[in-house]
Amino acid sequence: MIRHTLMAAIATLGFATSAATQDFAITNATLATGDGSDPIEGATIVVRNGRVADAGTGLSVPAGVPAMDGTGAWVTPGLFATVTDLGLWDVGAVSESNDSRADDSPFSAALDVSPAINPQSQHVKISRAGGITRAAVATMPSSSIFGGQGAIIDTGDDADPIVRARAFQVVALGEGGARRAGGSRVSAHALFRNALREARQYGTDSRITGTASRPPEQRSGDDLPLDLRLVDNQTQRGDDVLLSRFDAAALVPVVNGSQKLYVMVERAADIRAVLALRDEFPQLDLVLVGASEGWLVAGDIAAAGVPVIADALDDLPGSFEELGATQSNVGRMVRAGVKVALNASAMEQPRYLPQFAGNLVALSNVPGAAGLSWGQAFAAISSVPAQISGMSAGAGTLTAGAMGDIVVWDGDPLEVSSTPVKVYIDGIEQPLTNHQTRLAQRYRDLDESDLPKAYDW
Amino acid sequence: MIRTIRSALCIGAASLMLGACASTGTADPDSAPAATGTPLGDDGAAPFGSTYNRYPGAPTALVGATIYDGAGGEIRGGTVLFADGEIVGIGDASLAVPDGYSRVDGSGKFVTPGIIDIHSHLGDYPSPSVQAHSDGNEATSPTTPEVWAEHSVWPQDPGFWRALANGGITALQILPGSANLMGGRSVTLKNVPSRTVQGMKFPGAPYGFKMACGENPKRVYGGRGRAPSTRMGNFAVNRQTWLDAKAYDGKKRDLGKETLKGVLDGEILVHNHCYRADEMALVMDMAKEMGYRVTAFHHAVESYKIGDLLRENDVCSAVWADWYGFKMEAYDGIPENAALIHNQGACVVIHSDSANGIQRLNQEAAKAQAAGRRLGIDIADHEVIKWITLNAAKAMGIDDQTGSLERGKMADVVLWNGDPLSVYSRPEKVWVDGALLYDANDPKRRPVSDFELGQPGEGDVK
């Protein structure tokens, strides 16, 4: 019923799906702005020149802007998935198709995902069909405690997925880091401290000013300059260095705080140790990833002003660093004043983000549990991860001037029965077809009376 | 066939299972053999027999809730009565509540049978998932029909109790892993805390037999330079193993052949990990050749391509809602799988294979339902609930005892605080055989594993 209203309206207007920015408006919809507030019914959104022109109630649609009746539909900002491996793999267990790890790489911090991202990956398309319009993409630490430099992408059906290259560095401390550092947390911390000291020295000696990833104020289409840190220079280094020159150069912006450092850590004690790193490296721009026991140190995290990309529903002692895991972790951290986004790598697929957010709302009705309000939960998969990722103000929301990443849903987006019916990125309507939708259409029936299924396409 | 087995199997547990066995008839525990494919022990009992006893429960009336009975029925504002471990009655508001029943107000709430997961590794891959706990794959030979999953189950796995509290799970099948073509026997458990696995074993449940096709066996053994290293090798090793089992005369005990014989005799149910449609079709033919039946294909992400064949062969598909892409044979997984199988008239079961997913089988079923609706396949809510209750029970051979809210069945019941097909709902109370084992409103009605005592978050909401 919902879909029919919308589809009928769309059909009448004769919108063509072309890769061009179109001005449009949607009226009478339920609007979730993504800023943490509750949804608004009977709202209107106007999108012009690829950006949100206005959104709210009591708006009139400007003359000349085609309007769709959104009765029964929900309109939200596009979801922001962090952290993901979108565009880095085709089949998980087919190693030749999988760029999400590099166990035998001679490099670590210098790894840069941006040249490897494939915007035509099925997982990008499937995520887009699930309402995800932007994502942070990273390679996980494998050959070292450092995973390399992650990028921010959009999931648009075009040749240019990179919104910002080298947006953040990834490091694993805790159990994962310990394994990669030679076997202990002790070694991981020594390796980490040494790496940052080498980088600091190298940055000074070779005069690397080190802004790896200054966010562009607005997307120019030309925000991928050569990484100047990696050009040749003649700086001499001592004989006892551990890092390769590229790895040292890559860590300069981390140590001087111009590039975010995503720290994978779970245990309360490990979180405290990470927060304490700023005593030694005061410029570190820390983001915690995982943080299953964050609730036990929520006050410390909040006081440090460090945001968290949290595993939303982990509630098992999967390891000895997650003994205190509970689904109430996110709610408790938010109550303590921590900025929390949901970790898309802590679920089967990034498109589970709304389901996981919905589960946190469900906790509000469980005695003794700490849940989120609907608005908070939706913000944790839209504006909060966008902010943590260093996107400009308004990203992940539908405030006037925000980027035109819009998703129209056939119902409450956090409900498992709902799905996007339209997705726009920068105001451009996106195709929602992919390998899965094509298979479902082919096998809607099993009739082969005339020809084999191979001819049904 | 399963029904006969059931009445035989109730016997060993007759003193424990008054309710369930009463309906199928009981006999003298000493007179009938246990139909487990295994001879009785020197003590005259089936080996490793269930010692489960139901816990006490008050006669209870759930009143005013929407009831999905698990068998395809739906009653708004209905009443469910249970006492002495059994469902006593189910009906609409006119059903009288007998004296002595404590009333639970279900207004605005929902009641379902206990949720059943047909595919779990809880206990044999428990939390914490450290190497010392890796007990799910006896990956030392491509065929290990001689191993029994119950000998790996650690009853202190905290995952059981997350599944109870967050997922409403009251029964589950623990399977060996899929490294081997023939992984060994499964065990079906009641989701009840116990110091021993025998104390969890579902009385009267038939054994299952785990098989696996495709990539895993050929990768594990091909990687060691031995058979099977190809899919054709998989079939060759399987067929020869069946032929050898058929020739087994039972004179000298052979654990593996006893299990295979139990399968050939229809006493042990085959649960076959298989992703691809073409391989499932080959397996069904192999089963015909060798004279056994496949009860369910698990992880069957491509069942939607052969729903007709599965219907004709009466084989269930135990599936995720939407997992795909993590391995080559999962590349064609689609969210519409369950709905398309159902639409062909074949049997659907939603499974987890995950200590996390088992806490949300209701949500997975709802996702699969919604994917079907978008393709124009409307499946009623009460049908979808069947995918995680009665259909699972049938494929595990325990549907005479649980899986639906029918008079005389075990009082395995979940009271949900909202529609179980909504992301916003959670179990409020869970009864197993009429005993209240989880109550969201009572922090002490929440199991805490030995492992969690004295740890951060002991007894916390999880």
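This briefing covers the contact between chain B and chain A, then two residues of chain A. The model is predicted. The two chains bury about 4800 Å² between them. The count of salt bridges between chain B and chain A is 1. Both chain A residues treated below, A:T27 and A:S97, are buried.

**Extent of the interface**

- On the chain B side, 60 residues are in contact with chain A, and 59 residues of chain A are in contact with chain B.
- Carbon and sulfur atoms give 55% of the area buried between the chains, which is about 4800 Å².
- In chain B, the residues that lose the most area to chain A are B:Y324, B:Y424 and B:R426.
- Together these three account for 16% of what the chain B side buries.

**Polar and charged pairing**

- The salt bridge joins B:D460 to A:R332.
- Its closest N and O atoms are 2.7 Å apart.

**Make-up of the chain B side**

- Four helices of chain B each supply at least two residues to the side that touches chain A: α3 (159-167), α8 (307-313), α9 (337-343) and α10 (361-374).
- The largest share comes from α10(B), with 7 residues.
- By type, the chain B side divides into 25 nonpolar, 19 polar and 16 charged residues.

**A:T27, in a strand**

- A:T27 sits in strand β1 of chain A, which spans residues 24-31.
- Why does A:T27 count as buried? Its relative accessible area is 16%, and the cut-off for buried is under 20%.
- Leaving aside neighbours within four places in sequence, A:T27 is in contact with A:A43, A:T44 and A:V61 among others.
- The run A:A67, A:M68, A:D69, A:G70 and A:T71 is also in contact with A:T27.

**A:S97, in a loop**

- A:S97 lies in the chain A loop between β6 (79-84) and α2 (122-129).
- A:S97 has 15% relative accessibility, so this loop residue counts as buried.
- Which residues touch A:S97, once neighbours within four places in sequence are left aside? They are A:L88, A:W89, A:D90 and A:V91.
- A:V297 is 200 residues from A:S97 along the chain, and the C-alpha atoms of the two are separated by 40 Å.

How values were computed. Residues numbered from 1 in each chain as written. Chains lettered and ligands numbered in written order. Predicted model: local features only at pLDDT ≥ 70, side-chain atom pairs only at ≥ 80, totals over all residues. Heavy atoms only, no water. Contact = heavy atoms within 4.5 Å. Buried area = accessible area lost by both parts, 1.4 Å probe. Salt bridge = Lys/Arg side-chain N within 4 Å of Asp/Glu carboxyl O. Nonpolar A, V, L, I, M, F, W, Y, C, P; charged D, E, K, R; others polar. Buried < 20%, exposed > 50% of the residue type's maximum accessible area, 1.4 Å probe, protein only.
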